[in-house]
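Look at the structure below and follow how its parts are held against each other. The text starts with the contact between domains and then turns to pairs of charged side chains.

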Amino acid sequence: MRNNINSASPYTAALSRGMTRWNDSPAPGQFRSVTSGANVNAWQVYSSSTDWAWVTPNGTGTGCPTGYYFATNDLTFNTRTMDSLSERQQWVVAVHELGHVYGLAHTSSSCNRPSVMKTGTDKFNCTGTPPWNDDITGVTNIYRPSLTEVTARPGSRPMTYFDGPVYTSVGELDVLSDIVVRGTVEKIRSGFDEEQFQGIDIAAPSLPMTLNTIRVSRYVRGSGPATVTVQQIDTVRMPTPDATPFEAGDEVLLFLKDTGFDFGGERIHAITGMDQGYLRLRGGRLLGTPAERRSPAAGLTMEHVTAQLR
Ligand SMILES: [Zn+2]
């Protein structure tokens, strides 16, 4: 692990604690800090994403039989959202991210059988300290018979896991959004990076983005111009189970945050909660995308959702 985070940053402390938690567990392998030759690079960035952190397989490393492990990874913390977490929550996030580095995917277990790999905030409130038995068993299974004898499953590909809140009500999505729009996906442009929108050039890996023009048929909440520009993770350049690409011509309902950044004369908006704020409209019904964190508005009617807005 090479730490590219400012040593005074709270994430350096969180990361160090996370590594110790895994190293003190019976899980195979040990994390250690190095100054060169690392196969895990840790970073911090400011992102408009509502997520706390993500782990991105970097390059074409060798995958394990589960198809999750890749030889090199970038682990990125989002200062915008991590800053509001408590010290304990920050290191629990670090333990979770290191679980992805090991090759673990997400779990859906409750605190009865706690797992640090559960998405969202539930894991913060389970008793005891992660990693828990379920996590350690998962890592042990991946690295059977040994840390070096892992080979790629045919067809497996690098996958980025994003980690942030899981919203359980339309009200939560609404409170976090600046506008709610109904409209049609008019134009999709690719080839952007989030740091371009922010007008910066940093060493840390930037999120690849598409820019999407939405022709607004109705501002369900708020007001604005006839089209809005929405950034979305470019899933071609960054495959992830957390984002579903827009399709031109689709009718959508979007919960959007103003990122505060202008790019090429366009104000950039971000979808609240990755795909949780992205719904497709089909025959009066709202369909959540197939993303891992599905929208709390999925399956509702437009009228039902509108009634729950501020
Ligand atoms: Zn995760």
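A salt bridge is a side-chain nitrogen of Lys or Arg within 4 Å of a carboxyl oxygen of Asp or Glu. Between domain 1 and domain 2 the count is one salt bridge. The side chains of R293 and D51 meet in a salt bridge, with 2.9 Å from N to O. The model in view is predicted.

The two domains can now be placed. Domain 1 covers residues 2–163, and domain 2 covers residues 170–307. Their C-alpha centres are 27 Å apart. To the contact, domain 1 gives 23 residues and domain 2 gives 23 residues.

The size of an interface is often given as the accessible area lost when the parts come together. Here about 1700 Å² is buried between domain 1 and domain 2, and carbon and sulfur atoms give 58% of that area. On the side of domain 1, S48, T50 and F162 supply 35% of the area buried against domain 2, more than any other three residues.

Polar contacts also cross this interface: there are 11 residue pairs of this kind, both residues being at pLDDT 80 or more. On the side of domain 1 that touches domain 2, the elements giving two or more residues are the strands β2 (40–45), β3 (53–57), β4 (73–78) and β5 (161–163). Sorted by class, this side of domain 1 has eight nonpolar, 10 polar and five charged residues.

The structure as a whole holds 16 salt bridges. One of them joins D174 and R221, whose closest N and O atoms are 2.7 Å apart. D174 is in helix α5 (residues 170–175) and R221 is in strand β7 (residues 208–221), so this pair ties together parts that are 47 residues apart in sequence. Are these residues buried or exposed? D174 counts as buried because its relative accessibility is 1%, under the cut-off of 20%. R221 is also buried, at 14%.

D174 forms a salt bridge with R310 as well, the closest N and O atoms being 3.3 Å apart. R310 lies in the segment after α7 (302–307), so the pair ties helix α5 to a part 136 residues away in sequence. R310 counts as exposed, at 59% relative accessibility.

Another salt bridge links R182 and E251, with the closest N and O atoms 3.1 Å apart. R182 belongs to strand β6 (residues 179–193) and E251 to strand β9 (residues 251–263), 69 residues apart. R182 is partly exposed at 24%, and E251 is partly exposed at 30%. Finally, E247, D250, R280 and R282 are linked in a network of salt bridges.

Terms used
Residues are numbered from 1 along each chain as its sequence is written. This is a predicted model: local features need pLDDT of at least 70, side-chain atom pairs count only at pLDDT 80 or more; totals for chains, interfaces and linings use all residues. Side-chain values use heavy atoms; hydrogens and water are left out. Domain bounds come from an automatic or database domain assignment. Contact means heavy atoms within 4.5 Å. Buried area is the accessible area (1.4 Å probe) that two parts lose on being put together, summed over both. A polar contact is a pair of N or O atoms within 3.5 Å; within protein, one must be able to donate a hydrogen and the other to accept it, and residues adjacent in sequence count only if both atoms are side-chain atoms. Helices (H or I, at least four residues) and strands (E, at least two) are DSSP runs, numbered from the N terminus. Ala, Val, Leu, Ile, Met, Phe, Trp, Tyr, Cys and Pro count as nonpolar, Asp, Glu, Lys and Arg as charged, and the others, Gly among them, as polar. Buried means under 20% relative accessible area, exposed over 50%, partly exposed in between (1.4 Å probe, protein chains only).
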